Protein chains: 2
Amino acid sequence: MPRAGLTPDTVVREAARLADEVGHDRLTLAALATRLGVALPSLYKHVRGADALAQRLSVLATAELADEMTAAAAGHAGADALRAVATAYRAYARRHPGRYPAAQRAPDPADAEHQAAGERAVGVVYAVLRGYGVTGEPAVDAVRMFRSAVHGFVSLEAAGGFGLPQDVDRSFERLLDGLDAAFRSWPTH
Amino acid sequence: MPRAGLTPDTVVREAARLADEVGHDRLTLAALATRLGVALPSLYKHVRGADALAQRLSVLATAELADEMTAAAAGHAGADALRAVATAYRAYARRHPGRYPAAQRAPDPADAEHQAAGERAVGVVYAVLRGYGVTGEPAVDAVRMFRSAVHGFVSLEAAGGFGLPQDVDRSFERLLDGLDAAFRSWPTH
DNA sequence: CCTTAAAGCTAATGTCATTAGCCAATGCCG
DNA sequence: CGGCATTGGCTAATGACATTAGCTTTAAGG
């Protein structure tokens, strides 16, 4: 019987696709093995187990998200950059409903690649805030507000937490206006 | 052998305590049964299964959260009310790390009690916004921003998503200042 | 070729959720 | 006070999943 020709990368990438299709919670080694045409234990030749896979998936998703945020920021400044980055963030989460929750796993301090991806994503937000004149210690707080608001919106949206039929896109626009107002009046000390 | 004397309520409440102790993801029917001094299948006499338990837990947590938000809002107005309610929200999430994620489950449209609890929690936020003169359709968007920011902050905090050692309490205060700025300039049409 | 690292397999174990069906404690009603 | 229905608890059986151990065979390199 011919080999399947898997590598750790193949496995993680297929896991990402599968997660997007069936949902983060239904991503299972069993389903992944079936998808790859392989018996379940064979996966252990490429990943150390379910937890390690989740970890690798988090790295992948964080890096992709950082890439898209970076690309979105290019050529924009101020409120414009804020909109572009946040919109890219939300678009990624909607396009990859399985990957996105995976990215929420806290970066493993022992994994340099994971750390780097996380810092890259956060770095884009710092750059946006620099456009508001927000730097240094206050920027730490501002980054946290950005992440909280955008992540919160995106995850409530994904969970079906917005019950009313009212236009969700418009609500997101208002949220961005709100963040803009907040950052324009952000303390500098 | 004497009976354990369980009721659906006993079971759900113990599940809530257990979830707070071991974490939402490690709340398992097996562990719950052990905790209650009963064999696992016996639980099925009181709850329909793991999913139904999660549902009941969501109702419990949502109602508790709504209660605490309501209590916190009493006697406050404007920015003061905003702070009080948001702080109560965060305090609940920190005090009940297992219940809080359970509350994020979207209210079941078929469960009137669940719907009511959700609406009660959201109602407190509407009341806060009324203090800013924000009502009607724009209030829908504002409520969503409030929920996004506070839920996002709280869940990133719980997930260990704030890597830097920088004071998290202060960041939350700044977030509240930011929300205040946003709501003070909220559009009225 | 022929050897060997590794990719894949089957088998075994353990945890959990769920369903079926049995038995005994409890409480009601005569 | 006693009989009986209700029902809360049990054990046993099944099935999904993750993990580990250990075997086999592919396929790549000397």
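Select B:D180 to start: at 13% relative accessibility, B:D180 counts as buried, where buried means under 20% relative accessible area, exposed over 50% and partly exposed in between, with a 1.4 Å probe and protein chains only. This is a predicted model, in which local features need pLDDT of at least 70, side-chain atom pairs count only at pLDDT 80 or more, and totals for chains, interfaces and linings use all residues. Residues are numbered from 1 along each chain as its sequence is written, chains are lettered from A and ligands numbered from 1 in the order in which they are written, and side-chain values use heavy atoms, with hydrogens and water left out.

**Stop 1: helix α8, chain B**

B:D180 and B:R184 are separated by about one helical turn, because they are 4 residues apart in helix α8 (residues 168-184) of chain B. Helices here are DSSP runs of H or I with at least four residues, numbered from the N terminus. B:R184 counts as exposed, at 59% relative accessibility.

Next, show A:E14, A:R17, A:E21 and A:R35, which are joined into one network by salt bridges that share partners. Over all chains the structure holds 38 salt bridges.

**Stop 2: helix α8, chain A**

Select A:R174 and A:D177. Their side chains form a salt bridge with an N to O distance of 3.6 Å. Both residues lie in helix α8 (residues 168-184) of chain A, 3 residues apart, about one turn of the helix. A:D177 is partly exposed at 33% relative accessibility, and A:R174 is partly exposed at 22%.

**Stop 3: a pair between two helices**

Move to B:R94 and B:E157, whose side chains meet in a salt bridge of 2.5 Å, N to O. B:R94 lies in helix α4 (residues 78-95) and B:E157 in helix α7 (residues 136-158) of chain B, so the pair ties together parts that are 63 residues apart in sequence. B:R94 counts as partly exposed at 49% relative accessibility, while B:E157 counts as buried at 19%.

**Stop 4: a buried serine**

Select A:S58 in helix α3 (residues 50-73) of chain A. A:S58 has 0% relative accessibility and counts as buried. Apart from its neighbours within four places in sequence, A:S58 is in contact with A:A102, A:A103, A:R105 and A:H114, contact meaning heavy atoms within 4.5 Å.

**Stop 5: DNA strand D**

Show the 20 residues that surround DNA strand D; the closest are A:R3, A:Y44, B:A39, B:S42 and B:H46. A residue is near a strand if one of its heavy atoms lies within 4 Å of it.

A polar backbone atom of A:A30 is 2.9 Å from a phosphate oxygen of DNA strand D.

**Stop 6**

Finally, superpose the copies. Chain B can be laid on chain A by a turn of 180 degrees and a shift of 0.0 Å along the axis, with an RMSD of 0.0 Å. That is the relation of a two-fold axis. The superposition is by least squares on the C-alpha atoms of residues with pLDDT of at least 70 in both. Of the interface residues of chain B, 100% are also interface residues in chain A, so the copies meet through the same surface.

Conventions: A polar contact is a pair of N or O atoms within 3.5 Å; within protein, one must be able to donate a hydrogen and the other to accept it, and residues adjacent in sequence count only if both atoms are side-chain atoms. A salt bridge is a side-chain nitrogen of Lys or Arg within 4 Å of a carboxyl oxygen of Asp or Glu.
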